[in-house]
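Please walk me through this structure step by step, as someone who is seeing it for the first time.

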Amino acid sequence: MREIPFETIADAVASACIEANRRLPDDVVRGLETILAFEKHPTAREVLRALLENARIAVKTGLPLCQDTGLVVVFADLGQDVHLTGGLLEDAVNEGVRRGYREGLLRSSMLARPLDRASNTGDNTPAVLHVRLVPGDTLRLTVAPKGGGCENMSATWMLTPAQGRRGVVHAIVARVKEAGGQPCPPLILGVGLGGSFELAALLAKRAAVMGPIGEPNSDPELADLEAEILEAVNATGIGPMGLGGATTALWVRVEFYPCHIASLPVALNVQCHSARHQTVEL
Amino acid sequence: MTSDDGPAIRLATPPTRDAVLELRAGDAVCLTGIICTARDAAHQRLIALLEAGKPLPIDLEGQVIYYCGPTPAPPGRPIGSAGPTTSSRMDAYAPVLHAHGVMATIGKGPRSEAVRAALVEHGAAYLVAVGGAGALLAQHVEACEIIAFPELGPEAIRQLTVRDFPTIVAYDAHGGSAFATPSLSFA
């Protein structure tokens, strides 16, 4: 049994919040450079160049990449042989968010009560925490600040088995078209396929924020589905910021889970180009 | 930022009506002067005051409203990260504000037919800034002062002094649109 103290977790989360908000992950930068190489639309090219310049300025100045420093989503893979000391995991994560957002001068965007506009918690807590018990004696934390603009365009559908793969692609492409420039394309689309109503949404979020851009699914059928969705979404012509172009999405990632014979749950988590995430292992 | 056919138009803010009427969808426009931030909560308050017939904390006549809730300013800088938020959330309020003299709004993403009609009716424009480029856009803000609703934190109304603030005309005052999908069908 390995012990991990409360303070170690809080410190790690605080640093991850600050770093994630200032540094665009390398795979996202490479993804933007890759699509800039083949995008021909002049406005789209200007937008993509501005985004790459923005990433450089954020590192140089320490300013957050985006003023929407997000709701903090934390995926915690907790080894079964870890003993957490000094407090609860949830409290440690929230303590980290509190410190990170204050010290990093990040925006507080959380309302304590959803219908009360004057109930901003002032420190961006609480985080949304997803804990998974895994083998081993380490704690792996992925801290992913998620902007409201793109999260708002996400959706979950309960399709029928008859709608099948065509229905999945259709629902996702229709949603991206409907969203247009609102969620800050070029997008990363996380797709959750199967499971249940609530699990599909969680799979979609995990697909949107985890794993590198540019690396197709290890499952050939899902890799093919990812490629089909990416092509169909880019054929819409929505383009960066909705101002036209061939690069509406940077990448599509699908995660799946078995599902009931009567059901085909599908969820889409829309992630903007400011795809911020930091992973730490304690 | 440059447009398809050359360098950006320079627009002094607050702008004149004539200057706004000259803008065309797709034009790259750099703003220099005064603009005001307001997003969801500030709009709710402004509309409530208008409906109650009470005085407003800002003069809407000629105003350029930027849909933005910046991050806190680090020491030595006027503002933190300061990019646009999604404009469609303000669609319910925008026609009323244009009727009270607002000359332009700045945000991101397409908007409702009602907003586009209000722009044509009142001779106003909708500009977009690059969403998610808050660090870059902050370099074009020279001063920032909270002028209303400080209790709203990031949603307070701030007066910004901007220089060469880069935008693109998304909807002009003549019904033109720069978007691939011209307006929102569900709004």
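**A guided reading of the two chains**

The crossing of helix 2 of chain A and helix 3 of chain A is left-handed, a crossing being left-handed if the near helix is turned anticlockwise from the far one by less than a right angle, and right-handed if clockwise. This is a predicted model, in which local features need pLDDT of at least 70, side-chain atom pairs count only at pLDDT 80 or more, and totals for chains, interfaces and linings use all residues. Residues are numbered from 1 along each chain as its sequence is written, while chains are lettered from A and ligands numbered from 1 in the order in which they are written.

The axes of helix 2 (residues 26-38) and helix 3 (residues 42-61) of chain A come within 10 Å and cross at roughly 155°, where axes are lines fitted to C-alpha atoms, for helices over the stretch in contact, and angles run from 0 to 180 degrees between N-to-C directions. Helix 2 of chain A is therefore roughly antiparallel to helix 3 of chain A (under 35 degrees counts as roughly parallel, over 145 as roughly antiparallel, 65 to 115 as roughly perpendicular and the rest as oblique). Helices (H or I, at least four residues) and strands (E, at least two) are DSSP runs, numbered from the N terminus. Residues of helix 2 of chain A, including A:Leu32 and A:Leu36, meet residues of helix 3 of chain A, among them A:Leu48 and A:Leu52. The residues of this contact divide into eight nonpolar, no polar and three charged; Ala, Val, Leu, Ile, Met, Phe, Trp, Tyr, Cys and Pro count as nonpolar, Asp, Glu, Lys and Arg as charged, and the others, Gly among them, as polar.

The residues where helix 1 of chain A touches helix 4 of chain A divide into 13 nonpolar, three polar and four charged.

Elsewhere in chain A, A:Arg140 is found in strand 5 (residues 139-146). A:Arg140 counts as partly exposed because it has 16 C-beta neighbours inside 10 Å, given that a residue is buried with 20 or more other C-beta atoms within 10 Å of its own, exposed with 12 or fewer, and partly exposed in between, the C-beta atoms being placed from the backbone. Leaving aside its neighbours within four places in sequence, A:Arg140 is in contact (C-beta atoms, placed from the backbone, within 7 Å) with A:Asp77, A:Thr279 and A:Glu281.

Chain B has five helices and seven strands, and from the N terminus on its elements run β-α-β-α-β-α-β-α-β-α-β-β. Of the 187 residues of chain B, 53% count as buried, and the C-alpha trace spans about 40 × 40 × 30 Å along its principal axes.

Finally, the two chains meet: 41 residues of chain B are in contact with 44 residues of chain A. On the side of chain B that touches chain A, the largest share, four residues, comes from helix 5 of chain B. The residues on that side of chain B divide into 21 nonpolar, 17 polar and three charged.
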